[in-house]
Amino acid sequence: SVHVIDPMNGDNFIKTPNTSVAELQPFRDSLASVPKTGLHNPFKSPERYLMYGDVSAKAAAELAKPEVADFFARCIQRVVPKSYAQAMGEVKIVKIFFENFGGDQVRFLARGFTVSGDHAGQQSQGLRWPYGPVALVTPFNFPLEIVGLQLMGALYMGNKVVAKNCSRTSLVSEQFVRMLHHCGMPKSDVDLINCDGPVMGELLSDPLVRMTQFTGSSRVAEHLALATRGKVKLEDAGFDWKIIGPDLQDLDYVAYQCDQDAYACQGQKCSAQSILFIHENWQSSGSSVSGTAMAS
């Protein structure tokens, strides 16, 4: 195990497992127990679509409770440099996501299609099919939102998931999975792993893992594309522009918003402002200099 440092005072905060390459076999065995037809599909165990609709409805109800929402917001703040409003924003988005997929919505998500053929007796039919054993690798900056949405998408379609969140923030994903267990998710559907990047890379390169969803840096994304022979879906680094037009108004608000978009959460989010283009009107009026001073 390794210690996670308390961001508030620099002391040891909690301990998390630190799985080694020699300890990966139980995870391989768990993945190998699931065929490429998945845990469910349109022909196998379709009642699990309804089961996950029920899990989603219950999870939404839990996150709607003020004390549960506050717990997750505080949990996020404990490991990520976010304001309470930013942390609560993650909770609200995940709650709305679950509300959207309650009841029959998971089953409807698996909707296929049919296309008439060009002669009698011919017809094309398409079905949404799981990969089976898959992996999910998520970063530290949105430890509830990214984990929640991507994990549930994989589970809804019948995949068995081994999930790795950044070890510094995995406290949040662990509590999230515990909540899903409370809401009725089978405990065998998800395996959580805490390990270093090279160890996870060793697992992802195993042919057992039929698809990986990765969110993180473009450097690691390029490495995974080669290591998995293309069996990876990527959400990597963003480069976000902001353009301020010619109308000079509300300098205080503009300066505040630019500062927040660039530096909130230390700029560690995919939507962070990367570059700012300002119309020359702001420069000629001296407003750009005043705005810079206000933001600093």
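Is Cys195 buried or exposed? The model is predicted, so local features need pLDDT of at least 70 and side-chain atom pairs count only at pLDDT 80 or more, while totals for chains, interfaces and linings use all residues. Residues are numbered from 1 along each chain as its sequence is written, and side-chain values use heavy atoms, with hydrogens and water left out.

**Cys195 and the cysteines**

Cys195 is buried, at 2% relative accessibility. Here buried means under 20% relative accessible area, exposed means over 50%, and partly exposed lies in between (1.4 Å probe, protein chains only). Now show the cysteine sulfurs. A disulfide is a pair of cysteine sulfur atoms within 2.5 Å, and the count by that rule is 0. For Cys195 the closest cysteine sulfur belongs to Cys166, at 11 Å, which is too far for a bond. Cys75 also has Cys166 as the closest, with the sulfurs 14 Å apart, again too far. Cys75 is buried too, with a relative accessible area of 7%.

**The whole chain**

Zoom out. The protein chain has 12 helices and 11 strands; these are DSSP runs (helices H or I, at least four residues; strands E, at least two), numbered from the N terminus. The C-alpha trace spans about 70 × 60 × 45 Å along its principal axes. Of the 296 residues, 41% count as buried. Contact means heavy atoms within 4.5 Å, and of the contacts between residues at least 6 apart in sequence, 70% join residues at least 24 apart.

Next, select β5 to β9. Strands pair if DSSP finds at least two bridges between them. They make an open sheet of 5 strands with parallel pairing, in the order β7-β6-β5-β8-β9. At the edges stand β7 (190–192) and β9 (232–235); each has a single partner strand, so one side of each is left without a neighbour in the sheet. The average twist from one strand to the next is 15°, with axes as lines fitted to C-alpha atoms (for helices, over the stretch in contact) and angles from 0 to 180 degrees between N-to-C directions. For a closer look, pick β5 (residues 133–138) and β8 (residues 211–215), parallel strands joined by 4 bridges. Ala135 faces Thr212 of β8.

**A hairpin to compare**

Move to β3 (residues 113–116) and β4 (residues 123–126), an antiparallel pair with 4 bridges. Phe113 is the residue opposite Gly126 in β4. The two strands form a hairpin with 6 residues between them, and Gly121 in the turn has a positive phi of about 90°.

Select residues 145–156, helix α6. Its 12 residues reach 16 Å from first C-alpha to last, close to the 16 Å expected at 1.5 Å a residue; the expected span is 1.5 Å times one less than the number of residues. How many of the residues of α6 are buried? The helix is mostly covered, with 10 of its 12 residues buried, including Leu151, Met152 and Tyr156.

Now colour the nonpolar cores: sets of buried Ala, Val, Leu, Ile, Met, Phe, Trp, Tyr and Cys residues joined through side-chain atoms within 4.5 Å. The largest has 44 residues, and Leu151, Met152, Tyr156, Val91, Phe98, Phe176 and Leu180 have the most contacts inside it. At least two residues each come from α2 (47–63), α3 (66–79), α4 (84–100), β5, α6, β6 (160–165) and α7 (170–182). The largest share, 7 residues, is from α3. Click Leu180: beyond residues up to four places away in sequence, Leu180 touches Val55, Ala59, Phe98, Leu151, Met152 and Met185. Another core lies apart, with 17 residues, among them Phe27, Cys195, Val209 and Leu224.

**Two last stops**

Thr19 sits in the loop between β2 (12–16) and α1 (25–32) and is buried at 10% relative accessibility.

Finish at Glu90, in helix α4. Glu90 is buried, with a relative accessible area of 1%. The C-alpha atoms of Glu90 and Phe142 are 7.4 Å apart, although 52 residues separate them along the chain. Neighbours within four places aside, the contacts of Glu90 are Ile76, Lys82, Asn141, Phe142, Pro143, Leu144 and Glu145.
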